[in-house]
Structure formats: C-alpha cells, structure tokens
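Reader: I am new to protein structures. Please take one part of this model and walk me through it closely.

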Amino acid sequence: MPRILIVIGLLLLLAGLCWPLLSRLPLGRLPGDILIQRQNSTVYIPITTCVLASIIFSFVLWIIRR
C-alpha cells in the first residue's frame, strides 16, 4: 500500500510539473465533445476525450501487464 501511494504521489507531481505543456493539447476541445451554453448555465460532455483517455489508459495497462 505505501508503494502505491508513493507512485500516485509521484504521478500527480509529474502531472503538475507538466501542466503548462499539457494545457496546450487540444484535449477537451475534440470533435464529438458536446458543449451547450445557455444564458445561465453551461453543460460540457467530453465524450471523445473520455474515449481517447480510456484507450490510452487501457493500452498503458496492457503494456505494463505484458
């Protein structure tokens, strides 16, 4: 358990350090992501972004378990 927490902490640290580079990627603005803006509310449904993240995450896990 401590090893898992250390790895998660290091991944969060790495993501925080890489945030300026990651914010330049078009994630969240891909075709297929739904954005509905009304006068008083905004609804955002990132369908394509979630599918892409799921594929990448599955591939990484497949590589690790192999």
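**A buried aspartate and its surroundings**

Author: Start with a backbone atom: the nitrogen of T48 lies 3.0 Å from a polar atom in the side chain of D33. Before going on, note that this model is predicted, that local features need pLDDT of at least 70, that side-chain atom pairs count only at pLDDT 80 or more, and that totals for chains, interfaces and linings use all residues. Residues are numbered from 1 along each chain as its sequence is written, and side-chain values use heavy atoms, with hydrogens and water left out.

D33 sits in the loop between α2 (19–22) and β1 (34–37). Helices (H or I, at least four residues) and strands (E, at least two) are DSSP runs, numbered from the N terminus. The D33 side chain also makes a polar contact with the side chain of Y44, at 3.2 Å. A polar contact is a pair of N or O atoms within 3.5 Å; within protein, one must be able to donate a hydrogen and the other to accept it, and residues adjacent in sequence count only if both atoms are side-chain atoms.

Is D33 buried or exposed? D33 is buried, yet has no salt bridge. Buried means under 20% relative accessible area, exposed over 50%, and partly exposed in between (1.4 Å probe, protein chains only). A salt bridge is a side-chain nitrogen of Lys or Arg within 4 Å of a carboxyl oxygen of Asp or Glu. The nearest side chain of opposite charge is R29, 8.3 Å away. Here Lys and Arg count as positive, Asp and Glu as negative; His and the chain ends are not counted.

Which residues does D33 touch? Leaving out residues up to four places away in sequence, they are G28, Y44, I45, P46, I47, T48 and T49. Contact means heavy atoms within 4.5 Å.

Take T49 from that list. T49 is in helix α3. T49 counts as buried because its relative accessibility is 15%. Beyond neighbours within four places in sequence, T49 is in contact with L27, G28, L30, D33 and Y44.

V51 is also found in α3. V51 has a relative accessible area of 47%, so V51 is partly exposed.

W19, L22, L25, L27, L52, I56, F59, V60, W62, I63 and I64 make a nonpolar patch of about 1100 Å². The elements giving two or more residues are α2 and α3 (47–65). α3 gives the most, with 7 residues. Patches are made of residues with over 30% relative accessible area and no salt bridge: like charges are joined within 9 Å, nonpolar side chains (Val, Leu, Ile, Met, Phe, Trp, Tyr) within 5 Å. The areas come from the Shrake-Rupley method with a 1.4 Å probe; for residues, only the protein chains shown count as cover.

I64, one of the patch residues, lies in α3. I64 is exposed because its relative accessible area is 62%.

Last, a step away from T48. I8 lies in helix α1 (residues 2–17).
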